[in-house]
Every structure is written in structure tokens, then in C-alpha cells.
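Please look through the structure shown here with the report that follows, which takes up a few of its parts in turn.

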Amino acid sequence: MAVTRNTKNVPYYLLGFNAFEQLGALVDAKRASGAPALFYLDHFFKDSLPLPLKKGDSLIHVDTSSEPSVEYIDILTDAAKEELKGRLPSCIIGIGGGAVLDSAKAVANLLTNPGKAEDYQGWELVKNPAIYKIGVPTLSGTGAECSRTCVLTNMRRRLKLGMNSDFTVYDQLILDPALTRTVPREQFFFTGVDTFMHCFESLRGQYRNVIVDRLSATAIGICKDIFLGTGDMMNDQNLENMMVASYIGGMAAGNTGAVHPISAGLSIVLHLPHGKANCYALSVLADVYPEEHALFLEMLDKNKVPLPAGICRDLTNEQYESLYQGSIIHEKPLTNALGPDYKSILNKDRLMDMFKAM
Ligand SMILES: [Fe+2]
């Protein structure tokens with residue numbers, strides 16, 4: 001096997017029910033530098049999660065009704081600069097689902113690097129180390145807690161792309177399954193199966209990495225236990241299992257396949273949340289991923305999660321064109337799944353038929 005890319009993982013994590021209680025001590029250790037802390041909290045938890053705030057700290061509620069856009073990140077960054085009056089925070093804490101975790105990562109990069117969010121959409125564009133950051137996921141499955149990217153939509157360029165950089169990786173995680181008890185069931189499912197998706201896309205792809213393969217296989221096994229096992233998908237054991245699967249799967253999430261590009265097109269045009277968009281994408285990819293497509297249908301059925309058809313029914317030609325462009329632009333994962341000839345395999349007619357079948 002060829003030598004792998006030099007790989008960075010999250011250096012520290014705490015895992016377990018009520019691990020969140022240790023956040024205060026971790027933030028205190030950083031505040032010792034004299035600078036305040038900057039908290040980003042999912043607006044869902046606005047009044048229900050007490051935070052270890054101290055004088056001078058800032059708390060920003062992140063709107064997660066849509067996925068973070070480059071414009072939204074610029075607004076958050078400008079607001080942080082104004083609030084901190086030119087100082088840098090001692091640390092940034094992101095508490096929430098993938099959108100909040102990714103927003104906190106993006107702001108941490110932009111506070112130490114000049115320019116706008118879209119300047120850093122791509123690979124290895126971040127030049128200066130980011131602000132120290134602590135991630136606290138409250139939803140499991142995206143792998144955002146341990147990935148080296150922060151996915152941002154850019155409507156102007158019709159793409160969904162993150163700041164892929166070692167500087168984007170969290171310095172510390174608190175993985176507390178108790179924080180996921182209040183997740184609505186469908187959202188738990190759609191987000192959880194994101195782990196299943198990016199792991200099988202990786203295993204079925206052409207880019208190989210021995211460690212990623214093992215991590216992917218392990219995470220897929222845990223997802224099968226959760227979504228096809230005898231217990232309820234949201235019992236305490238499975239809440240913990242899902243957090244572990246998301247973390248392990250997140251380390252393997254770099255090499256997606258055909259699901260994620262089509263999902264990205266759906267998110268750009270229909271503003272579907274990522275996990276749900278993945279599910280619609282896989283629902284029409286039975287010929288590319290027959291085994292996983294069948295497993296996925298079983299998972300939907302066992303957990304009584306509906307995926308009603310017709311989401312692209314009333315779209316205009318222009319919207320269909322955007323769906324096509326927003327999907328086919330993702331050259332790297334499509335090549336991973338289908339080879340260099342992916343544009344003729346997934347040609348426009350075929351892709352249009354797929355969207356119409358959703
Ligand atoms: Fe994903």
C-alpha cells in the first residue's frame with residue numbers, strides 16, 4: 001500500500017454520560033491566558049443547557065434552521081471581532097449538531113486568517129493555526145466533531161465545500177450521549193445514517209486506506225446494531241453507540257462516493273438538511289450500491305421513518321439544472337465511486353431521472 005496522507009486526528013476527547021459537566025474545568029484552563037471564551041450554542045438549547053460562562057465571555061446562539069453558508073460565517077466572524085474588540089478569544093466552544101460544530105470551526109479559522117469564508121473553501125488553504133476549540137456534539141452521525149473540514153454552502157458558486165485543513169480539527173471533544181436524548185426521532189435517524197453512508201461510500205470507493213477501511217467497517221457494524229438490532233434506536237446504550245460510531249466514522253469520512261454529491265445538489269437547491277438529503281440520494285442509487293440500498297430500506301422500515309416521494313415534483317427547468325450542476329461538480333467523490341468516466345456514467349439524463357424518482 002502507498003504511504004497514507006499525513007493524518008491528524010482530534011488529540012483529546014472525553015466520552016460518557018454527563019461528560020459535559022467537565023466543560024467548565026476545560027474552559028477555565030484556557031481562560032488562564034486572560035482572554036475570554038467564545039461559546040456557540042445551537043439555538044435549540046437556548047434555554048435548556050446551562051453553560052459555564054464567566055465575565056467577559058460571549059455566547060452566540062447559532063441558527064441551525066439551514067446549513068451554514070459562507071455569508072452566515074462571515075456575519076458570525078464579524079460579530080465575534082466586534083464583541084471581542086480586536087482581541088482573540090482564549091478558546092471557542094461549539095455545542096450543537098454538525099451545523100454548529102462546523103460554524104465554530106470556520107470562525108476559529110477566520111479569526112486568525114484574513115479574508116472571507118469562501119476564500120478558504122477547498123484544500124489546504126488555511127495558512128495560520130486556528131483558535132483553540134472544544135467541540136460538544138448534541139447530535140450524532142455527521143462526523144463533524146472529528147473531521148478536518150467544515151461544510152459550508154456557497155449559493156453564488158453553487159457548491160457545498162468546506163475548509164479542508166488540519167487547522168480545522170477540534171483540539172478537544174466532549175462526547176456526552178445524554179445531550180442527544182432530546183433529539184427528535186426522525187432527525188436522530190437521518191443524521192445517524194450519515195455515518196453509515198459515508199463509511200460504505202468509502203469502502204466501496206476506489207481510494208484505499210487500510211486504517212480508514214477498518215474504521216469504516218467498524219462504524220458500519222455499530223450502525224447495523226443501532227438501526228437493525230433488537231433494541232430501540234434511541235435507548236441509552238444506542239445513544240452512546242451512535243456517538244461512538246459517529247466519532248469513528250468521522251475519522252473515515254474523507255472519501256465519500258456517489259451519495260454525498262447528489263445530496264449536496266439537493267441541499268443547495270431544496271435546502272434539505274444533510275442527513276435527509278443523503279437518504280433521498282441513496283434511495284435512487286440501488287444500481288450503484290445494491291447491498292447498502294437494501295439495508296437502508298430495512299433500516300427505514302424497522303424504525304418507521306417515512307421518506308415520502310415527490311420532493312422534486314414541481315421544480316423548474318432552472319432548478320433541475322442547478323440540481324445537476326450542484327451534484328456533478330463534486331469530481332473527487334464521484335471519481336472515487338464511479339471512476340474517471342463518471343460524467344458519462346452519471347450523465348445528465350440519468351441524473352435527471354433520479355431526481356424525478358425521489
Ligand atoms: Fe455526510
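## A loop residue and its contacts

Apart from neighbours within four places in sequence, F17 is in contact (heavy atoms within 4.5 Å) with D176, P177, A178, R181, D236 and E240. The model is a predicted one, in which local features need pLDDT of at least 70 and side-chain atom pairs count only at pLDDT 80 or more, while totals for chains, interfaces and linings use all residues. Residues are numbered from 1 along each chain as its sequence is written, and side-chain values use heavy atoms, with hydrogens and water left out.

F17 lies in the loop between β1 (12-15) and α1 (23-31), where helices (H or I, at least four residues) and strands (E, at least two) are DSSP runs numbered from the N terminus. Because its relative accessibility is 30%, F17 counts as partly exposed, a class between buried (under 20% relative accessible area) and exposed (over 50%), found with a 1.4 Å probe on protein chains only.

D194 belongs to helix α4 (residues 185-204) and H260 to helix α7 (residues 259-270), so that the pair, 66 residues apart, links distant parts of the chain. Both D194 and H260 are buried.

In α4, F188, G192, T195, H198 and C199 meet N238, L239, M242, A245, S246, G249 and G250 of α6. The residues of this contact divide into 5 nonpolar, 7 polar and no charged, with Ala, Val, Leu, Ile, Met, Phe, Trp, Tyr, Cys and Pro taken as nonpolar, Asp, Glu, Lys and Arg as charged, and the others, Gly among them, as polar.
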